[in-house]
There are 2 protein chains.
Amino acid sequence: MKIAVLGGGNGGHAVAAELALGGHAVRLWRRDAASLEPVRKAGGITLVAEGKPAKAALAAVTGDLAEAVTGADVIVVATPATAHEDVARSLGSHLTERQVVLLTPGTFGAYVMAREIARTGGRMPLAFAETGTLPYLARLTGPSEVKVPVRAANLPTGVFPAARTKDVLSTLRQLYPVVRPCADVLDTALTNAGPVIHPPLVLLNAGAIDRGRFDIHVAGTTASTQRLVEAVDAERVASRSGLGYPAPHYELATYYDERRAAEGLYGAGARARLEASGLWNETLTFEHRYVTEDAALGLSLLESAARTVSIDSPAISGLLLLFGALLGRRLSGQGRDLAHLGLGDLVLREVRELLHDGWHSHLWRRAIK
Amino acid sequence: MKIAVLGGGNGGHAVAAELALGGHAVRLWRRDAASLEPVRKAGGITLVAEGKPAKAALAAVTGDLAEAVTGADVIVVATPATAHEDVARSLGSHLTERQVVLLTPGTFGAYVMAREIARTGGRMPLAFAETGTLPYLARLTGPSEVKVPVRAANLPTGVFPAARTKDVLSTLRQLYPVVRPCADVLDTALTNAGPVIHPPLVLLNAGAIDRGRFDIHVAGTTASTQRLVEAVDAERVASRSGLGYPAPHYELATYYDERRAAEGLYGAGARARLEASGLWNETLTFEHRYVTEDAALGLSLLESAARTVSIDSPAISGLLLLFGALLGRRLSGQGRDLAHLGLGDLVLREVRELLHDGWHSHLWRRAIK
């Protein structure tokens, strides 16, 4: 397949390299094209997985969005969720109705991007799809090298409009055989592990993070942080159930409890490989995706999902309040809060209908206002 | 004066030793009298302050409350605030109306103890008084030795009933010349530094605390923790102002900013002396007073004070929600929440009147129900 990968961070490099190694023609785009110069010069990206390096040749490395996207079967958006709206505004004039736009992960960005394109008069693709989590736990280790100690073992994936799920997932399964179908993109977004694990780890280690390099997944994973992760996860699962989404819920416990690892997002041995890699020993700030994406966007979505079905969410709300206090702005009701995204006036049945029919729904006009 | 000191922790030993060294006849009581055996054997307590040890001889060391309290002019309650109600139930049968009961600090415990004595049919003293903060930053360093690197430089003190403020403070000033008058015990409770500084330091260093000995005041005091302390303090000061209590507000900034230290609770050089002492390098748990007293009782009081005057308190509420999630129980609306203490049905003017007249107020019956 012809693939456009948008985004030149850890995830973008991992996606581009692995799909290219899988035999697909991959064009990598990043707005700041200069930063991709080392990849162009090297003639591709070296992907290091299972301890073995492999050099992936790309079909193009470009800062020109039209060049990346035109003719692509699948456009993978591997940017932070904070960039979804901005990417949507640029993308709308290049899309055709045969293309699939895949967000890895989405955090409900499939709906957000469609809405932004509609609001700015762009063209729609066949569908948007989003994964619940990252397909790769990856870190750049050089200007054209990315290390992937862990791949997703189960990749919950939703389609917007959900009416197109079957066709779209059969396409995406050619890229990711571990794709697992979801009812819709909200179902998928509510499997995202990022907002569950990262905000507790960052907040309860904020003092250590201030002092310099720190690995939240190794030194930062302690009894208290796990207790808070579990509390957030319990609220997430209760919200999913309240909204009528069935198991599997991809509980975070599957990451901490090796006996349950096979049912989890990352499979057997994931935690040990991530910890052993040492790649997450980083200098973090409150500008990191763990905060700007997982707390500000992910938790506001989770909080509003809980509110929609009257689930008490003290751990999620507490995190939003304290990250808000630390950032000096209010986070609750912002970001990916469902009401903030135009879904506040719909009853649950209408939200489901809208997610199923997408821009063909009679409710779409109300949603994009 | 004859002084009874109730409580055999860091604070109780410091109070007993310093007042004894000041020439007062001090009787030290602790329910668990066996743990005071070393003090009895040593013939007193060694107090180490300004680098010099001094041996304080006590008039009595006892597990018999009547023996400690009978004939005392001032009864100092130096227990955690979590013990106030329990101490009140025992104390009610021993008090006379010439005695002053002083809580160091109070966290609104003066009202709480009076209410508990009234509810259990005990006798009232002349008045209760409470300090806003600890008179001594102290740690036990041996079975009969206590170190005091920092003494309070300004000790906000309130009296319940506030009508008796003048007389009672003139008595207490003989013990603590740094006593500063407050309008009433709520005014005083809202100067407490404990709930402002300790919960942020503990929560944002929870990962480090889980790993063993840790000094939250040294390694744990970082840019993020200070930012959260400042956010909590701003909410506290806004609530004080909203309730009509005037400056000084004893801002936590006076502790961090040496140029303002003289107006603060602990005076010049306090932070440096505390840090240099190394005494706060401790193994903490969620059973520590920082959580059971400062978070569960202190923050619930602050949150309800903010709510009473419609002040937004995201930092305080966020801390209550997350400590609640970590402890597995709801903290908001519990503890020292004003409504939880029987003051929820009173308007602000009535609260003030009740705090002024105490058990002579026509509102007292409603409050103690």
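Leaving aside neighbours within four places in sequence, which residues is Thr188(A) in contact with? The list runs Glu130(A), Thr131(A), Gly132(A), Pro156(A), Thr157(A), Gly158(A) and Cys182(A). Keep in mind that this is a predicted model, so everything here is read off computed coordinates.

Let's stay with Thr188(A) for a moment. This threonine sits in helix α7 of chain A.

**Two domains in chain A**

Now zoom out. Chain A splits into domain 1, covering 2-189, and domain 2, covering 194-347. Taken over C-alpha atoms, the centres of these two domains of chain A are 22 Å apart. On the domain 1 side, 34 residues are in contact with 31 residues of domain 2 of chain A. Together the two domains of chain A bury about 2,600 Å², with 62% of that on carbon and sulfur atoms. Within domain 1 of chain A, the residues that lose the most area to domain 2 are Arg139(A), Pro149(A) and Leu186(A), which together make up 22% of what that side buries.

Arg139(A) turns up again in the charged contacts: its side chain meets that of Glu282(A) in a salt bridge, 2.5 Å from N to O. The count between the two domains of chain A is 2 salt bridges. Polar contacts across this interface come to 17 residue pairs, both partners at pLDDT 80 or more. As for who does the touching, the elements of domain 1 of chain A that give two or more residues to this side are α4 (84-91), α5 (109-119), β9 (136-142), β10 (145-151) and α7 (185-189). That side of domain 1 divides into 17 nonpolar, 9 polar and 8 charged residues.

**Chain B against chain A**

Next, the contact between the chains. Here 28 residues of chain B are in contact with 28 residues of chain A, and the two chains bury about 2,100 Å² between them, 66% of it on carbon and sulfur atoms. Three leucines stand out on the chain B side: Leu204(B), Leu322(B) and Leu326(B) supply 25% of the area that chain B buries against chain A, more than any other three residues.

How many salt bridges are counted between chain B and chain A? The count is 0. Polar contacts are found, though, in 14 residue pairs across the interface of chain B and chain A, both residues at pLDDT 80 or more. Helices α9 (206-210), α10 (223-242) and α14 (314-327) of chain B each supply at least two residues to the side that touches chain A. The largest share, 9 residues, comes from α14(B). By type, this side of chain B divides into 17 nonpolar, 8 polar and 3 charged residues.

Here are the two interfaces in brief.

| Interface | Buried area | Salt bridges | Polar contacts |
|---|---|---|---|
| Domain 1 of chain A and domain 2 of chain A | about 2,600 Å² | 2 salt bridges | 17 residue pairs |
| Chain B and chain A | about 2,100 Å² | 0 salt bridges | 14 residue pairs |

**A loop residue in chain B**

One last stop is Ala247(B), in the loop between α10 and α11 (253-256) of chain B. Is Ala247(B) buried or exposed? At 57% relative accessibility, Ala247(B) counts as exposed. Ala247(B) and Val87(B) are 160 residues apart in sequence, and 32 Å apart in space from C-alpha to C-alpha.

How values were computed:
Residues are numbered from 1 along each chain as its sequence is written. Chains are lettered from A and ligands numbered from 1 in the order in which they are written. This is a predicted model: local features need pLDDT of at least 70, side-chain atom pairs count only at pLDDT 80 or more; totals for chains, interfaces and linings use all residues. Side-chain values use heavy atoms; hydrogens and water are left out. Domain bounds come from an automatic or database domain assignment. Contact means heavy atoms within 4.5 Å. Buried area is the accessible area (1.4 Å probe) that two parts lose on being put together, summed over both. A salt bridge is a side-chain nitrogen of Lys or Arg within 4 Å of a carboxyl oxygen of Asp or Glu. A polar contact is a pair of N or O atoms within 3.5 Å; within protein, one must be able to donate a hydrogen and the other to accept it, and residues adjacent in sequence count only if both atoms are side-chain atoms. Helices (H or I, at least four residues) and strands (E, at least two) are DSSP runs, numbered from the N terminus. Ala, Val, Leu, Ile, Met, Phe, Trp, Tyr, Cys and Pro count as nonpolar, Asp, Glu, Lys and Arg as charged, and the others, Gly among them, as polar. Buried means under 20% relative accessible area, exposed over 50%, partly exposed in between (1.4 Å probe, protein chains only).
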